[in-house]
Amino acid sequence: MNAEKRYEIFARLKAENPNPTTELKWKSPFELLVAVLLSAQATDVGVNKAMDRLFPVANTPQDIVDLGLDGLKEHIKTIGLYNTKANNLMKTCRLLLEKHDGEVPRRREDLEALPGVGRKTANVILNTAFGEPTIAVDTHIFRVANRTGIAKGKNVTEVEQKLLRHVPKKFLHDAHHWLILHGRYTCVARKPRCGSCIIEDLCEYPDKTELT
């Protein structure tokens, strides 16, 4: 795919949705970190429902430590893998209090040192909470990037690096959200809705459908 096509793809995505953002509910970097940590193998809707129960009671690292592990589990037990996630979140809260004065760090190295936080989660925090031009490649972005031809790669790291290299700078900050939303609602896994896709004529996927 050439640079002109890529530019036009992101120009159309921006025109349709000028200010994209995550569908997770959050009001502080810490709330976003909690939501993203709990979102693995869970829907944003499910995470938001759990956060509606948790955040009024505990929305700081100290609050969660004070809540205790059993209390935390009680609030997030509707989310898959909640035992493991609760353990990681409790360890993360303690580290934030011990090493970062209870604040979410802005350095990738510090974020990735937190239990349960990998490169993808760090990228989400850096981009959404702190405005850094990062791209967290999840299953949706990996699929869209490969299927359309925007950035083909055999693994998420390769796709991430190609996106960072090829997405025009003026679109880089919001590219993460545009691609996720496009993959979630239009370029879906099994039967992409090519018939209602605003970039269908630019997409290089050979097996397009008529679905809307």
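Phe-30 sits in helix α2, which spans residues 29-38. Helices here are DSSP runs (H or I, at least four residues), strands are E runs of at least two, and both are numbered from the N terminus. This is a predicted model, in which local features need pLDDT of at least 70 and side-chain atom pairs count only at pLDDT 80 or more, while totals for chains, interfaces and linings use all residues. Residues are numbered from 1 along each chain as its sequence is written, and side-chain values use heavy atoms, with hydrogens and water left out.

**Phe-30**

- Phe-30 is buried, at 6% relative accessibility. Buried means under 20% relative accessible area, exposed over 50%, and partly exposed in between (1.4 Å probe, protein chains only).
- Contact means heavy atoms within 4.5 Å. Beyond residues up to four places away in sequence, Phe-30 touches Asn-59, Thr-60, Pro-61, Ile-64, Cys-93, Leu-96 and Val-104.
- Phe-30 and Asn-2 are 28 residues apart in sequence, and their C-alpha atoms are 39 Å apart in space.

**The annotated cysteines**

- An unreviewed UniProt entry lists Cys-187, Cys-194, Cys-197 and Cys-203 under "binding site".
- UniProt positions follow the numbering used here, feature names are shortened, and annotations may be inferred rather than shown by experiment.

**Burial and surroundings**

- Cys-187 is buried at 7% relative accessibility. Cys-194 is buried too, at 11%.
- Cys-197 lies in the segment after α11 (169-185). Its relative accessible area is 17%, so Cys-197 counts as buried. Leaving out residues up to four places away in sequence, Cys-197 touches His-182 and Thr-186.
- Cys-203 is also found in the segment after α11. Cys-203 is buried, with a relative accessible area of 13%. Setting aside neighbours within four places in sequence, Cys-203 contacts Arg-147, Thr-148 and Lys-208.

**Disulfides**

- A disulfide is counted when a pair of cysteine sulfur atoms lies within 2.5 Å. By this rule, the count is zero.
- For Cys-187, the closest cysteine sulfur is in Cys-203, 6.3 Å away, so the gap is too far for a bond.
- The sulfur of Cys-194 also has Cys-203 as its closest cysteine partner, but 6.4 Å is too far for a bond.
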